[in-house]
Amino acid sequence: MKAIRTFTVRPVLAESLAPLDRLASNWRWSWSRATHALFASMDPALWGEIGANPARMLGALGQERLDELARDDEFVARVREEDERLTAYLDGDRWFQQLEGDKPVHIAYFSPEFGVDGSLPQYSGGLGILAGDHLKSASDLGVPLTGVGLFYRAGYFRQSIGDDGWQRESYPLLDPYGLGLTLLRNREGAPVEIALDLPGDRRLHARVWVADIGRIPLLLLDSETPSNTDEMRRVTDRLYGGGGEHRLLQELLLGVGGVRAVRAWSELNGRPTPDVYHTNEGHAGFQGLERMSELITNNGLSFDEALAQVRAGTVFTTHTPVPAGIDRFPRDLIADFLSSGLFQGLDAGRAISLGLETWEGGDQGVFNMAVLGLHLGQHANGVSVLHGEVSRGMFGMLWPGVDTDEVPITSITNGVHAPTWVHPALKAVSERAWGDAHTDTHDWTDRAVVTDAELWGVRQQMKGELVAEARRRVAASVSNGHTPSWVEDLLDPEVLTIGFARRVPTYKRLTLLLRDPERLTRLLTDPERPVQIVIGGKSHPADDSGKILIQQLVRFSRDPKVRGRIVFLPDYDITLAKDLYPGCDVWLNNPLRPLEACGTSGMKAALNGALNLSILDGWWDEWYDGENGWAIPTADTASNDEERDDAEAAALYDLIEHQLVPRFYEREGGIPLRWLEMVRHTMTELGRKATSDRMVRDYVQRLYVPAAAHDVALRANEFFEARTVAAFVSRVREAWGRVSIASVDSSGIPAQAQAGDTLEVRADVRLDGLSPDDVAVELLYGATNEDDALARDHSVYRLSPGASAADGATVFSGTLPLGVTGTFGYTVRVRPAHPQLVSPVELGLVTYAS
Ligand SMILES: *Cc1c(COP(=O)(O)O)cnc(C)c1O
C-alpha cells in the first residue's frame with residue numbers, strides 16, 4: 001500500500017550533539033569541506049544512500065548510532081569546532097561591510113529556480129545553478145540579499161534511460177522538513193500565509209519555506225497548504241511542468257507572492273524592506289506590477305509615478321538569446337488576471353501594454369515577460385559580453401531610433417561558486433600549499449609551490465573517482481541486476497577524457513560529436529592514444545526532439561566496438577556534475593553561436609583544472625586566450641545548418657586528433673608537462689575571473705548600488721522625485737514629435753583641418769514647449785569608417801544653450817579641439833535630459849540632425 005504522504009521523524013539529539021541541528025539546517029554544509037565530511041563520517045554508507053543531506057542523515061541514523069556518537073569525544077569535539085566556524089562565518093564583517101559609500105540595504109533576488117545542492121532539486125539547469133551560486137557568493141561577501149523562489153514538491157524530474165535508449169522521467173516527492181528547511185512563522189507561531197485573489201472567485205494560498213544559505217535566507221513559496229483547493233495545491237507541483245495557466249499561476253505566485261513573502265520575512269526579522277529588486281530572467285516580472293499596485297493604493301501615486309519609482313530600484317537580467325526561450329502568455333489570459341482585483345488600483349490596460357510586442361513583426365496576441373522585465377527594470381543586463389551585444393540587437397526594437405550599441409542593456413559575465421564546485425582533493429592541495437582552500441586566488445603556475453607530480457597526482461585521483469562513479473552508475477542502471485563484465489572495464493583513468501553534459505535544447509547540439517561516426521570511432525579506439533567521452537544531459541519532458549538526440553547517443557555508446565570508451569550517464573544534476581567536471585581532462589561545448597548566453601559548466605571544469613574545447617560563444621568568446629584550451633572555429637559562412645554542422649564537427653575532430661591527443665600523450669617521467677602548463681595557466685587566470693564572487697561584486701558595484709541610489713532618490717520627500725520624473729517623462733513624450741534640429745552650422749571648420757585646430761559648432765533646435773534644461777544637445781564626433789559611420793568609441797560633447805534664434809529655435813553651441821587625425825566626422829543629436837535617467841537614451845527618444 002502506498003502512503004499518501006510521508007514525513008520525517010527526527011530523533012532526540014544529546015546535548016553534546018545539539019549543534020548538529022543547526023549545522024544541518026544551514027546549507028553552508030554543502031560547500032564547507034569540513035562540515036560536509038563531518039556529516040558523511042557519521043555513517044559513510046548511509047550518507048550515499050540517503051542522497052547526501054545532513055537533515056536526512058539525522059532522520060535516518062537511528063537513536064543507537066547517535067548515542068554512540070554522543071559518547072565519542074573526538075566526534076563531539078569536531079561538532080563543537082564546526083559549530084564555532086559556522087558562528088564565525090555568520091557574524092563577521094565581510095567585503096560588503098567594508099565597501100565605502102551609499103549601499104543598498106536589502107536586495108530581493110527573484111528566480112524561478114535555485115540550484116543549491118543535489119539534495120534540493122529546485123532547478124533544471126544553468127539558470128538555477130547560477131541563482132544558487134549567486135546566493136552563496138552573496139553570503140561569502142556579506143551582501144544583504146534575500147532569495148525568493150518557489151518550492152516545487154517534486155522539483156525537476158529524475159532521469160533514467162530505458163533499454164531502448166529513451167528518456168524516462170520520475171518525480172519523487174520532497175519532504176521540506178526532512179531536508180533542512182524551516183517554515184516561516186508569525187509572532188504567534190502560526191505559519192505565515194500569502195494569499196492571491198484570482199479570477200472566478202478563486203484564491204491561491206501559499207506558505208513560505210526558509211532555506212538558510214549561509215548568511216542568506218532563501219524564501220520558497222509552497223502552495224501545498226490546507227487552505228487551498230486541490231486545484232490550487234497543484235500550482236507548485238513541478239518546475240516547468242505545465243504550460244498556459246499553470247505556468248502563469250506559478251509566475252504570479254513567484255512575483256506577487258514573492259514580494260509579499262519578502263515583506264513578511266523582513267518585518268518578522270527586523271530587517272528593512274528591499275530597496276533593490278533583481279529578477280533573474282523574466283519569470284518573476286509580476287513583482288514589479290505588485291509593487292506598483294502597492295504604491296498606488298498605499299501611497300497615492302499615479303500609474304506613471306509608480307512606474308518611475310519601481311523602475312528605479314529594479315534590475316532585470318536576461319538570459320536567453322533564443323526568442324523561443326522567452327516566456328510569453330496569451331494576452332487575453334493576462335487580461336483576465338489583471339482585471340480580477342489581484343493588482344489593486346492598477347489600470348489593467350496600461351499594465352498590459354508594458355508586456356506587449358508593439359514593434360513591427362511582434363505578435364499582438366501575446367504578453368511577453370522579457371518585454372515586461374525591460375519596461376519595469378531601469379537597470380538591465382545580459383550575462384556575457386557577447387550576450388550583451390546580442391541582447392542589444394534582439395531587444396533594440398523597444399528603443400526605436402536608438403543605435404544598437406546604445407540600447408540600455410549592459411552585461412555582467414556569469415561566474416561559479418568555487419567552494420561549491422572545486423573538488424575536495426584539490427582544495428586540500430590548495431590548503432597544503434597556501435594554507436587556505438581558495439583555489440581561485442592562487443598562482444598555480446608556480447611549480448615550486450605545487451609540483452607537477454602533486455598536480456598530476458590529484459588530477460589523476462579525481463579522474464579515477466569519476467571512472468569508479470561511472471562504473472557504479474552504469475551497473476546500477478542495468479535493469480536485470482547482473483552487471484555485465486564490460487562495465488568493470490568501462491573507462492580508463494589513463495585515457496584522455498572529454499566531458500560533455502548539458503540540458504538538451506537543439507542549439508546545444510548534443511550529437512554534433514556523432515556527425516562522422518567512423519571518425520569518432522577511430523578516435524575512441526586508437527590502440528596507442530585513445531580518447532574517451534563521458535556524456536550527460538536531460539531533455540525537457542515535453543521535448544521529444546531532445547529525447548531522440550539522447551537516444552542516438554545512447555545507442556551509439558552501446559555498440560560493443562566503442563562501449564568502453566563512450567558512456568552516457570543518466571540523471572545529470574549537481575551531484576553528477578560535481579564528479580564530472582573534476583574528472584575530465586577536457587570540457588567540450590559546441591553550441592550554435594551565438595545562442596549560448598554564457599554557459600557555466602566550462603568554468604566549473606576550469607576551476608578543477610580541465611581545459612576547455614569550445615565554440616567561441618558565451619564566456620569562452622571573452623576569455624579564450626590561446627593557452628587555456630582550444631576554440632572550435634565557427635562556420636559562419638556555411639550556407640545551411642547541415643553544412644555548418646559538418647564543418648564544425650570536422651574542425652572538432654581535427655582539434656582532438658592533432659592538438660589534444662599529441663599534447664596529452666606527450667610525457668616526461670610519465671607526466672604530460674606541456675599539458676600541465678595549460679592546466680596551471682587555466683586555473684590561475686580563469687580562477688580569478690570565472691567565480692561568482694567576481695560576478696556578485698560586479699552586480700553590487702555596477703547595478704545594485706546605482707539602483708538603490710535611484711530608489712532612495714525617487715522615494716525621498718513623499719516620492720517627490722518619482723513625481724517629477726513621471727511629469728518629465730510625460731511632458732517630453734508629448735512634445736517629442738515636434739522637437740527638431742533646424743540647422744547645424746559648422747562654419748568654424750577650416751578647409752584644411754589640422755590637429756590642434758578648434759571646431760565651432762552651433763545647432764538651432766526647435767524645442768516647442770520644452771525648456772532647454774529638458775534636453776541635451778550633443779555633438780558626437782570621432783573617426784569614421786568607409787561608410788561615414790562614427791566609430792564605436794566616438795566622443796560626446798554637450799553643447800550649451802544660449803539665446804533664442806529669430807525663428808523661435810534655441811541656439812546650442814560649443815568649441816572643441818580637434819585631437820584626432822585621419823578621417824573625422826560628427827553629428828548632432830537632441831535627447832531628453834534628466835538626472836534620474838540611467839542611460840541617455842532609455843526613453844527611446846532621440847532626434848538626429850539630418
Ligand atoms: C553548471 C550546470 C549546468 C549549466 O551548464 P551550461 O554550461 O550552462 O550548460 C547545467 N546543469 C548542471 C547540473 C550544472 O551543474
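Which residues have the most contacts inside the largest nonpolar core? They are Leu 17, Leu 20, Met 42 and Leu 613, in a core of 157 residues. This is a predicted model, where local features need pLDDT of at least 70, side-chain atom pairs count only at pLDDT 80 or more, and totals for chains, interfaces and linings use all residues. Residues are numbered from 1 along each chain as its sequence is written, and side-chain values use heavy atoms, with hydrogens and water left out.

**Cores and domains**

- A nonpolar core here is a set of buried Ala, Val, Leu, Ile, Met, Phe, Trp, Tyr and Cys residues joined through side-chain atoms within 4.5 Å; buried means under 20% relative accessible area, exposed means over 50%, and partly exposed is in between (1.4 Å probe, protein chains only).
- As general background, nonpolar side chains tend to be buried together in soluble globular proteins.
- Leu 613 touches Val 586, Trp 587, Leu 588, Asn 589, Trp 630, Ile 632, Leu 652, Leu 655, Ile 656 and Leu 660, leaving aside residues up to four places away in sequence; contact means heavy atoms within 4.5 Å.
- The chain splits into domain 1 (15–90), domain 2 (96–414 + 700–716), domain 3 (418–427 + 457–690) and domain 4 (739–848), with bounds that come from an automatic or database domain assignment.
- Taken over C-alpha atoms, the centres of domain 1 and domain 3 are 35 Å apart.

**Around the ligand**

- The ligand is surrounded by 15 residues, and the closest are Ile 129, Lys 508, Tyr 581, Ser 601 and Lys 604; a residue counts as near a molecule if one of its heavy atoms lies within 4 Å of it.
- Lys 604 has a side-chain N or O atom 2.6 Å from a ligand oxygen atom.
- For Lys 508, a polar side-chain atom sits 2.8 Å from an oxygen atom of the ligand, and for Tyr 581 the corresponding distance is 3.0 Å.

- In helix α4 (residues 54–61), the buried residues are Pro 54, Ala 55, Met 57, Leu 58 and Leu 61.
- Looking down the α4 axis, those buried residues fall within an arc of 160°, so they line one face of the helix; the arc is that of the directions from the helix axis to the C-beta atoms.
- They pack against α1 (19–24), α2 (33–42), α3 (44–49), α5 (63–70) and α9 (176–179).
- At the N-terminal end, Asn 53 caps α4, with a side-chain oxygen 3.0 Å from the backbone nitrogen of Ala 55.
- After α4 comes Gly 62, with a positive phi near 95°.
- Over in α5, the buried residues are Leu 66, Leu 69 and Ala 70.
- Seen down the α5 axis, they fall within an arc of 100°, so they line one face of this helix.
- Their cover includes α2, α4 and α6 (73–91).

**Two buried loop residues**

- His 417 sits in the loop between β16 (410–411) and α18 (418–421), and is buried, with a relative accessible area of 0%.
- Its side chain makes polar contacts with those of Asp 140 (2.8 Å) and Thr 420 (2.6 Å); a polar contact is a pair of N or O atoms within 3.5 Å, and within protein one must be able to donate a hydrogen and the other to accept it, while residues adjacent in sequence count only if both atoms are side-chain atoms.
- Arg 153, in the loop between β4 (145–150) and β5 (158–161), is also buried, with a relative accessible area of 19%.

- The peptide bond from Arg 593 to Pro 594 is cis, with omega near 0°, and Pro 594 lies in the loop between β20 (586–589) and α25 (601–607).
- Phe 719 has a positive phi near 65°, lies in helix α29 (residues 692–735) and is buried at 8% relative accessible area.
- Asp 768 has a positive phi near 40° in the loop between β24 (758–766) and β25 (775–783), and counts as partly exposed at 41% relative accessibility.

Key
Helices (H or I, at least four residues) and strands (E, at least two) are DSSP runs, numbered from the N terminus.
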